[in-house]
Structure formats: structure tokens, C-alpha cells
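User: Please go through this structure with me, one question at a time.

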Amino acid sequence: MIFAYDFMRNAFVASGIVALVAGAVGYFLVLRGQTFAGHALSHVGFAGATGAVLIGLPPLAGLAGFTLMAGIGIGLLGDRLSGRDVAIGMVLSLSLGFGLLFLHFYTSFATQATAVLFGNVLAVDRETLWMLGGLGAICLAALAAVSRPLIFASLQAEIAEAKGVSPRLIAVLFLAVVAIAVAESSQIVGVLLVFTLMVGPAAAAQRLTGRLWLGVALSVALALIDAWGGLTLAFYTDWPTSFWITALSGLVYFAALLKA
Amino acid sequence: MTAIACDRVSLALGGRTILADVSLEIAEGEFVGVLGSNGSGKTTLMRAILGVIPTSGGSIRVFETSVRRGNPMIGYAPQVRSPVAHSRLRGWDFVASVVDGHRWGLPWRGTAGRKDIDRALALVDATSLAQRPISELSGGERQRLLIAQALVGAPKLLLLDEPLISLDPPRQQAVIDMVRDIAGKLALTVLFSAHEINPLLGALDRVLYLGNTHAALGSVDQVITSPVLSRLYGADIEVIRLRGRIFVMSRGHDLERDAHQHEHNHVH
């Protein structure tokens, strides 16, 4: 009976697509130790999403556009960015500040802000579903295309460089993929909780298995469990979906910590 | 055949001259110990041979062809860095990432690729080791995986950058013996950099000592001498031989020992 409602069916399909993308991309994000970059991108996305709403575009378009630009920027800066916690932190707050300003000019301030910050998967319509599907397909195809040199450069940067791989190019391409995954994830859990889908399942998977591809599969499976389990629990308790997804993601991660 | 030929090579890094006008030839099958203080250019020279760093003058030829990035004739093991050491990935995937790692797409390795990985792991006796997470391995075990990775693809020249770092003397000896053994079996040329000459004395054919933008290549007796090292260090150096060991001293300090100590503090 949970599937009797159109909005629930949409929500299940949407979170399924996003879990697939976030689980797979997140695995490599954790492998490369770049989880902070994922977090930063989601904040930049907030300004993009609210700005898009203000000029009458779908929030997802603004989100994806902004995160993509920021992802490529971070990739190009590369090593020069490492250790610049203050600079990154300032850009984060600046983005949130601009997002707030854009919301200020938009009339239905509160609902829109909550949706962007904490997600609103139950409000996903057909059009958004198609966008999620399209962006997700592009994201996974791009990830597959770069996966071989990406793994090489992530595990053994100096050797990869000696073999003719450009670590800079790989970093830019990968962060572009991450940017799309972040934009997708914020549709489900909001920009503030992107970590829960992109990092939680991936980090748990890496604690549970040392095999690379098994780890990717496990990460996707855990993300699916978090997302669909969260939706189901939200349906029966009437508590927010994003709360349940973070609760499940946290539970799985800390259980994996205890086991390993 | 000549494995490495440097013809009046100069190397610079960030405006600083590392090597100036160095010419040398290393024959195929030689085991060469590369020594010198920190910053003397051991790593830079290896990266130039790999084609990662361009020469600022002169030319380097590897097996009688010009250097180029991605030369399959060269296997390379850089210094172990900490990020990988904390990875929970198993060693097998770490070694496997090198197989055609420069190609785009999904990493299908095929039967030949997988056989090559298993062959390289067997050579360093790490077949069962490779099933464990890297973070659970000791420094010596990680070093074996790094050397296995360098052996993938059947190279003819091995560049090993400080494989003895942070290993205790018995493990240092085990790594040297293993490399010597593999190099003999597969007729490989080896450049093996280290802080201290003593562990390598029994294994190396010749020494390449770098310092003060100069290089000296020759037998231990030719290179580890007071005049040669004084030129390389730009200071008065005394060479003391004691019970089969060599001490390189400057004003009463053991230079190689100091360098090693410094690196230890640096790493941990």
C-alpha cells in the first residue's frame, strides 16, 4: 500500500537512482580522501539552487551548474588547495550567505529553504525524475570512462604520473563527476546532508571489504538500503525522510566500525 | 647494451640546479646503489629517467632510446607515502591498479593481466600477503607490494627510491637480498637509492653518489673516498673503514647516519 501513492512511487525511483550514483561515486571519493571536497561542493550548490529558483529555473539545474563549475575549479587548483582549510571554509560560508540572500528575495522563503537544505524527496515530480535519471546516467558513464586511470592515480599518484597519466586531468574529471552526484544527492537529502548518502555507505563498505569492486557494489547496496529504508520508515512514522536516511546511514557506518 | 646513458645532463627543480653537466653510463644488468644527502637529487634523477621531469640540459637515453613517460621498460617504486599506508584496500587491488592503468575505461585486466599480477606477487613472495588490507601490513610487507607493482609488465630496469626507509636492519637486508635475487633471475638493471652505503655493500656492483650538483659513478673503492666525497659534499670528508663497514664523517659526525636519523624524524 506504500506504493499506492504516486508521490511514493516517484520518491522510490528518485532515491533509487540517487543511491546508485552516490554509492558508486562516493566509494572513490572516500578512496581518494576527498570527502571534504564533496561537502564543500554541496554548500556551493545551495547558492546555485536558490539562485535558480529566484530566476525561475528548476533548483536542480542551478545546483548541478554551480557544483560542476566549483568541482572543476577545485580540481584545477589541485595541490594548491590542500591545507587551505580557511580559504575553503570562507568559500563555503560565502556560498551559504549568497543562498540566503537569494532566498530573501524569493517569496515562499521558509518551505523552499528547508527543501534545499534538508531535501524533499516526497515532492519529486516526473520532470525531476527524468532529470535525475539523465544526470545519473551521464555521471555513471563518466565514472566508468575514467575509472581505470582514476584508481591508478588515487592509489599510486607518482607511478601513474610516470606512466603518462595526468593526475590533474583525472582530478578535474573526477570532481566534475562528484559535482553531479552531489547535485543529485541534495535532491533527496538536501545540501546539508549530502555526506549521509555519499560518504556513509562508501566508508562503511571500505571497512567491510578490501576488495575494490565488491566494495563499490556494497557501497551502492548500503546506499539503497539507507534511502529506501528511510523512505519506508518515514511513510509509517510520518517523520522526515532525511532524518531516517541519516539515522540508517549512521547506524550502518558505526556498526561497520565496530565489526572491523 | 647500455641501460642508462646520461650525456651532459643538467636537472633543475623550481629554479634550483640539482645536477649540472653529468655524464654517465650504466650497463644492462648492473645493480647500482644511488647515494647522497637529502636533496642531492636521487629522486629527481629517477623522475628524469622516467620522463616526468624534463632535463634542463643534455639528454638521457634508456636502453638506447630517448626518455619518454610511460616507458614499459621501466618499473618504478617511489618512496612509500602515508595516504596509501592507511588504505583498507587489499594489496592485490593496489598492485593490480598498475596494469594498463593509463588507459581509459573500466579496468578489465583479462587472464594475461591477472597472471602477470600473480607472477609479480610470487616473485616477492607476497601472494598471501596481497589478500590482506594494506593498513594491516608492516613497512617491510608494504615495500614488497611496492616492488611487486614495479615488476608488473616485465620491465628491464627497476628504479627503487629509498626502499629501506624506516625498516630495521634485518628487514633492510631481506629487501636487498630479495631485489638482488630477482634482478639476477630476470637479468634486470637496478637503481637502488639509500641513505647509507653499509647495508648495500654486499649487493651492489657500482655506486652512484650524488651531491653538490655533481655525480660520481664507480666501484665502492673508487667513489667512497675522501677526495671524491669531499667534492660531492663541498666539505672535508673523512672515510673510515672499520670491520667491513664504512663511515662517512665530517668533523666527527657520521653524515649518512645523520641523514637517516633526520628522515626518520621527518616520516613519523
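**Helix contacts and a sheet**

User: Which residues in α10(A) do A:Gly23, A:Gly26, A:Tyr27, A:Leu29 and A:Val30 in α1(A) meet?

Analyst: This is a predicted model, in which local features need pLDDT of at least 70 and side-chain atom pairs count only at pLDDT 80 or more, whereas totals for chains, interfaces and linings use all residues. Residues are numbered from 1 along each chain as its sequence is written, chains are lettered from A and ligands numbered from 1 in the order in which they are written. Helices here are DSSP runs (H or I, at least four residues; strands are E, at least two), numbered from the N terminus, and two residues are in contact if their C-beta atoms, placed from the backbone, lie within 7 Å. By that criterion, the five residues of α1(A) meet A:Pro201, A:Ala202, A:Ala203, A:Ala205 and A:Gln206.

User: How many nonpolar residues does the contact of α1(A) with α10(A) have?

Analyst: Ala, Val, Leu, Ile, Met, Phe, Trp, Tyr, Cys and Pro count as nonpolar, Asp, Glu, Lys and Arg as charged, and the others, Gly among them, as polar. In the contact of α1(A) with α10(A), three residues are polar and none is charged, while the nonpolar residues number seven.

User: What is the relative direction of α6(A) and α8(A)?

Analyst: Axes are lines fitted to C-alpha atoms, for helices over the stretch in contact, and angles run from 0 to 180 degrees between N-to-C directions; those over 145 count as roughly antiparallel, under 35 as roughly parallel, 65 to 115 as roughly perpendicular and the rest as oblique. Helix α6 (residues 126–155) and helix α8 (residues 167–189) of chain A pack at about 150 degrees, with their axes 9 Å apart. The two helices are therefore roughly antiparallel.

User: Which element gives the most to the side of chain A that touches chain B?

Analyst: The contact draws 24 residues from chain A and 23 residues from chain B. On the side of chain A, the elements giving two or more residues are α6, α7 (157–162) and α10 (200–208). With nine residues, the one that gives the most is α6(A).

User: Which strands of chain B stand at the edges of the sheet?

Analyst: Strands pair if DSSP finds at least two bridges between them, and three strands of chain B form an open, antiparallel sheet in the order β11-β12-β13. Two of them have a single partner strand each, so one side of each is left without a neighbour in the sheet, and these are β11 (238–242) and β13 (253–254).

User: What is the bridge partner of B:Ile240 in β12(B)?

Analyst: β11(B) and strand β12 (residues 245–250) of chain B pair in the antiparallel sense over five bridges. In β12(B), the partner of B:Ile240 is B:Phe247.
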